[in-house]
Amino acid sequence: MAKTVIFPCGSTLPAIGQGTWYMGEDSSQQKKEVAALQAGLERGLRIIDTAEMYAEGRAEKIVGEALAGRRDQAWLVSKVYPWNAGEVDVSDACERSLRRLKTDYLDLYLLHWRGNIPLAETIRAMESLQRQGKIRRWGVSNFDINDMQELWQESGGVQCATNQVLYHLASRGIEFDLIPACQQRRIPIMAYCPLAQAGRLRGELIGHPRLNQLAQQKNISVAQLLLAWVIHTEGVLAIPKASSLAHIKENADALEVAFTEEELRVINHAYPPPQSKIVLDIV
């Protein structure tokens with residue numbers, strides 16, 4: 001059975017979505033990126049995550065083109081710069097995103113990371129956008145446990161619908177405190193860079209001999225193993241970037257991958273869970 005995640009609003013969604021970081025940076029790739037997002041929707045990967053920061057809005061334009069005539073198929077997420085997350089600026093920032101996305105509402109709007117604007121003001125700004133019908137719900141990104149605890153203490157802070165953070169097999173720090181705290185409040189974690197960002201760690205994970213052996217035994221790719229591992233924890237979903245049709249199929253198929261207890265022991269031996277507090281990784 002395909003893994004799903006339930007948001008506080010009651011929406012049940014596939015536990016793998018589509019990320020758009022680095023999309024829109026090369027105009028020659030635009031048609032390919034649009035086609036990949038549309039193929040993902042056709043495979044049921046309804047969550048599309050973007051941000052005003054990505055390629056300074058051009059990623060949102062890619063998403064807008066991909067959603068032409070099929071907005072109702074997507075559960076659309078965008079993120080606001082922290083300096084735009086005050087009561088004065090957030091309405092204009094949201095409007096700009098909506099224009100680029102060619103839609104009149106967002107399913108979810110996130111504070112991209114914590115800045116200098118007080119959390120109480122950002123919450124009021126998000127609530128105002130909800131009343132105007134511009135967003136259905138709001139959340140945060142790159143918040144560590146202390147940030148979440150402070151948020152929950154603010155008036156309206158318990159309405160936060162998600163926390164989007166970096167999480168992959170080689171970066172498991174959030175398992176010590178952040179995931180349990182969010183699980184207790186039934187707030188999903190959205191994992192960005194679930195395969196690790198391109199570079200040393202990505203190569204280490206993809207090339208790890210024990211992970212490769214396990215993937216071969218399960219007749220899946222290592223990338224599918226890594227994705228399936230990220231979402232095997234209750235309340236965690238992944239938003240990998242997939243700019244090719246082959247990657248879209250691979251990601252969608254990972255929704256069906258399950259692990260035995262012995263397989264999880266093998267993975268934990270290769271990359272042990274944290275035994276103490278680790279500061280949140282951010283890229």
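Biologist: Which residues does R58 touch, not counting those up to four places away in sequence?

Modeller: Bear in mind that this is a predicted model. R58 sits in helix α2, which covers residues 58-66. Leaving out residues up to four places away in sequence, R58 touches G24 and E25.

Biologist: And how far apart in space are R58 and Y22, C-alpha to C-alpha?

Modeller: In sequence, 36 residues separate R58 and Y22. In space, their C-alpha atoms are apart by 9.5 Å.

Biologist: Is R58 buried, partly exposed or exposed?

Modeller: Buried needs under 20% relative accessible area and exposed needs over 50%. R58 has 43% relative accessibility, so it counts as partly exposed.

Biologist: Which residue does the UniProt annotation "binding site" cover, and is that residue buried or exposed?

Modeller: The annotation comes from an unreviewed UniProt entry, and it covers H112. That residue lies in the loop between β6 (108-111) and α4 (119-132). The cut-off for buried is under 20%. Because its relative accessibility is 6%, H112 counts as buried.

Biologist: What is H112 in contact with, leaving aside neighbours within four places in sequence?

Modeller: Take the contacts in sequence order. H112 is in contact with A51, M53 and Y54, and also with K79 and V80.

Biologist: How far apart are the end C-alpha atoms over residues 16-269?

Modeller: An unreviewed UniProt entry annotates that stretch as "domain: NADP-dependent oxidoreductase". Over those residues the chain is 43% helix and 12% strand. The end C-alpha atoms are apart by 25 Å.

Conventions: Residues are numbered from 1 along each chain as its sequence is written. This is a predicted model: local features need pLDDT of at least 70, side-chain atom pairs count only at pLDDT 80 or more; totals for chains, interfaces and linings use all residues. Side-chain values use heavy atoms; hydrogens and water are left out. UniProt positions are given in the numbering used here, feature names are shortened, and annotations may be inferred rather than shown by experiment. Helices (H or I, at least four residues) and strands (E, at least two) are DSSP runs, numbered from the N terminus. Buried means under 20% relative accessible area, exposed over 50%, partly exposed in between (1.4 Å probe, protein chains only). Contact means heavy atoms within 4.5 Å.
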